[in-house]
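Colleague: Could you take me through how the helices pack against each other in this one, and then look at the aromatic rings? I'd like the geometry with the cut-offs spelled out.

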Amino acid sequence: MIEARHLRILRAVAGTGSFSAAARELGCTQPAVSQQMKALEQSAGTPLLVRTGREMRLTQAGEALVRHAAGILAGLTAAEEEVAAIAGLRAGRVRLVSFPSGSSTLVPTALAAMRAAHPGTRISLVEAEPPRSVEMLREGDCDVALAFRYGADGPAAGSAGGAAEWEDLVVTPLLTDRLVGLVPEGHRLAGAERVGMAELADEPWIAGCPRCRRHLVEVCEGAGFTPRIDFATDDYPAVVGLVGAGLGVAVLPELAVESVRAKGVSTLAVEPAVEREVVALTLPDLARVPAVAATLGELVRAAAR
């Protein structure tokens, strides 16, 4: 196996014409140069130098190796510099995937802080709801995934996106996001501080993303009724617009309400409290990449604001 250090010594010997001169140029001893050259010739399987009196000249194999050594060493130096830049956050990239309400609330603050602190690091963003975002992480299509799980999605539940599915990932908790009720401004419950889910049993419902929809049904059934879902949409502004138009009631995460101009609706606390845990996920190896670690740190700080 030819090593980079052997190539550097070969180039020095070829350039200076002797072991002793090469040793002076490289800052090492003449025996060390001789030993390294023997090791290189053993790796190459053929003589690389011909000794004629006090001078040395390259064999045909030696000339070929020196010719290639320049490009090899230049490429290695470039690679070392690029890796050092990435390690020092002067370069690199982070591919982030987030669910929509996270994209409009947590992500902008975190990415602005990353750009200010590490302008050489490029960060891209695409949107996907869990479990698709978690699949993208495992498939190598992103480096960090923002995801969420509801209280019922614990290890025992075994539900998609729950803790059991994340056992092989590095989980960075960000915040606990409480669900709030939305009713039209003219609704009988508008202005109330809080409402029990059972009080909404006879209302038409507007449901959100598939996971939120499933969880809504579970919460309502826990309150003793099955919701009549008239409309379902992944678009949070559409949910708010439908409620504002008097077409039904809904529950949404506070992050989602925060990211939408809630016109024509009244928000109220829901009992029993329904919460979801918002987290950032990455793979164990990626967690050691400086740019990924820095992005996770900025997401934590953004969530704390």
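Modeller: Let's start with handedness: helix 1 and helix 4 make a left-handed crossing, meaning the near helix is turned anticlockwise from the far one by less than a right angle (clockwise would be right-handed). Before going on, bear in mind that this is a predicted model, where local features need pLDDT of at least 70 and side-chain atom pairs pLDDT 80 or more, while totals for chains, interfaces and linings use all residues. Numbering runs from 1 along each chain as its sequence is written, and side-chain values use heavy atoms, without hydrogens or water.

Who touches whom, with contact as heavy atoms within 4.5 Å? Helix 1 brings Ala4, Leu7, Arg8, Leu10, Arg11 and Ala14, and helix 4 answers with Gly62, Leu65, Val66, Ala69, Ala70, Ile72, Leu73 and Leu76. That contact splits into 11 nonpolar, 1 polar and 2 charged residues (nonpolar is Ala, Val, Leu, Ile, Met, Phe, Trp, Tyr, Cys and Pro; charged is Asp, Glu, Lys and Arg; the others, Gly among them, are polar).

Now for helix 6 (residues 106-117) and helix 11 (residues 290-304): the axes come within 8 Å and cross at roughly 130°. These two are oblique to each other, and the crossing is right-handed. Leu106, Thr109, Ala110, Ala113 and Met114 of helix 6 meet Ala291, Ala294, Thr295, Glu298, Leu299, Ala302 and Ala303 of helix 11, giving 9 nonpolar, 2 polar and 1 charged.

On to the rings. There are 2 aromatic pairs (Phe, Tyr or Trp six-membered ring centres within 6.5 Å; planes under 30 degrees apart are stacked, over 60 edge-to-face, the rest tilted). Phe99 and Phe148 sit edge-to-face, 5.1 Å centre to centre with 85° between the planes. Phe99 is in the loop between strand 3 (93-98) and helix 5, Phe148 in strand 5 (residues 144-150), 49 residues apart. Phe148 and Tyr150 are edge-to-face too, at 5.9 Å and 80°. Together Phe99, Phe148 and Tyr150 form one aromatic cluster.

Note on methods: Helices (H or I, at least four residues) and strands (E, at least two) are DSSP runs, numbered from the N terminus. Contact means heavy atoms within 4.5 Å. Axes are lines fitted to C-alpha atoms, for helices over the stretch in contact, and angles run from 0 to 180 degrees between N-to-C directions. Angles under 35 degrees count as roughly parallel, over 145 as roughly antiparallel, 65 to 115 as roughly perpendicular and the rest as oblique.
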